[in-house]
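Hello,

Here is the structure I said I would pass on to you. Have a look at it first, and then read on for what turned up.

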Amino acid sequence: MAARATLPLPPPTVAAVLAPTDRAGLDAASVGCFSVLYRTSVPEAVRTVRERAVDAVLLSVHQCTGERADVVDRLVRSFPGVPTVALVLRHDAAASETLLRLGATGVRQVVDVTAPAGWSRLRQLVAEPATRGAARILAPLLATLPELPSDARFFIELLVRLAPETPAVRALAVRLHIKPSTLMSRFVRAGLPSPKTYLAAIRLLYAAQYFEGGGRSVADVAYRLDCSSPQSFGRSLRATLGITPGEFRRRFPFARALDRFLAQFVEPYGRVWAGFRPLDGVRRD
């Protein structure tokens with residue numbers, strides 16, 4: 001059997017509120033681990049989280065001394081799926097006071113990079129959020145399909161991890177080194193819903209996650225899912241569920257959306273997936 005592929009996935013992206021003079025250490029720590037979007041204030045970081053694919057927010061305590069507590073509180077509470085991390089780059093009285101204020105707003109993660117293992121801990125912490133959204137989908141999905149062949153498991157893992165930035169099956173097929181028509185015909189022959197259907201359903205699971213906390217608008221979620229426009233996202237929802245994005249946000253919190261997905265697209269096909277090899281014969285190196 002061909003070796004399991006090692007297709008690269010996009011690295012995590014963090015929005016960081018740091019003074020320009022403090023950025024060199026973070027730049028060095030980010031190499032090979034994550035990318036950084038620098039912002040000059042917490043409100044700018046909030047806008048970035050709404051508009052971009054951000055996996056975590058780093059707040060230098062030295063840049064937050066003048067920030068209003070309600071601004072940080074809004075960031076933490078509006079985006080519960082995006083961890084906010086307080087970063088200590090040096091010790092002084094102002095930093096200690098700011099840490100207390102940040103803690104009162106709900107910031108629970110603090111990394112002191114003046115400690116010997118500080119930057120390593122930050123790298124580990126930032127690497128986790130990038131897979132958190134996927135893990136919330138993959139864990140119950142794989143638990144429902146415990147007897148997956150190796151290439152079916154690989155396909156599902158890649159599908160879930162790439163879904164937010166992959167609106168079309170053609171792009172997924174390119175990553176898998178397989179013709180879209182071949183991939184689709186294998187699903188048809190197996191009696192499974194099409195890969196297009198699975199991709200659309202999983203993207204809706206991410207949409208349900210992005211709507212959590214109320215911090216993102218419909219337009220924010222549409223662009224986060226790489227839709228061409230909010231109208232395109234709305235058309236997709238109407239075609240899939242027959243409802244508007246606003247109705248989807250109200251009626252389908254993530255837990256309910258996940259239950260629907262498993263009941264409709266996974267549980268009825270457990271035996272099929274147990275013998276399904278969508279990538280059979282495909283070179284994966």
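Let me start with helix H7, where the buried residues are Asp 151, Ala 152, Phe 154, Phe 155, Ile 156, Glu 157, Leu 158, Leu 159, Val 160 and Leu 162. Please keep in mind that this is a predicted model. With 10 of its 13 residues buried, H7 is mostly covered. The helix takes in residues 150-162 and reaches 18 Å from its first C-alpha to its last, close to the 18 Å expected at 1.5 Å a residue.

Next, the sheet. It is open and built from 5 strands, in the order E2-E1-E3-E4-E5, with parallel pairing. Strand E2 (35-39) and strand E5 (109-112) stand at the edges; each has a single partner strand, so one side of each is left without a neighbour in the sheet. From one strand to the next, the twist averages 25°. As background, strands of a sheet pair through backbone hydrogen bonds, either parallel or antiparallel.

Strand E1 (residues 13-17) runs parallel to E3, and 4 bridges join the two. Ala 15, for instance, has Val 57 as its bridge partner in E3. Helix H2 (residues 42-51) lies across E1, E2 and E3, and runs at about 135° to E2.

While you are in E3, which spans residues 56-60, look at Ser 60, which lies in that strand. Is Ser 60 buried or exposed? Ser 60 counts as buried because its relative accessible area is 0%, and the cut-off for buried is under 20%. Which residues is Ser 60 in contact with, leaving aside its neighbours within four places in sequence? They are Val 17, Leu 18, Leu 87 and Leu 89.

Last, a helix pair. Helix H10 (residues 195-211) packs against helix H12 (residues 230-241) at an angle of about 120°, with the axes 12 Å apart. The crossing of H10 past H12 is left-handed. On the H10 side, the contact is made by Leu 204, Ala 207 and Phe 211; H12 brings Phe 233, Leu 237, Thr 240 and Leu 241 to the contact.

Happy to talk any of this through.

Best wishes

Note on methods
Residues numbered from 1 in each chain as written. Predicted model: local features only at pLDDT ≥ 70, side-chain atom pairs only at ≥ 80, totals over all residues. Heavy atoms only, no water. Buried < 20%, exposed > 50% of the residue type's maximum accessible area, 1.4 Å probe, protein only. Contact = heavy atoms within 4.5 Å. Pairing = 2+ DSSP bridges. Axes fitted to C-alpha atoms, helices over the stretch in contact; angles between N-to-C directions. Expected span 1.5 Å × (residues − 1). Left-handed = near helix turned anticlockwise from the far one by under 90°.
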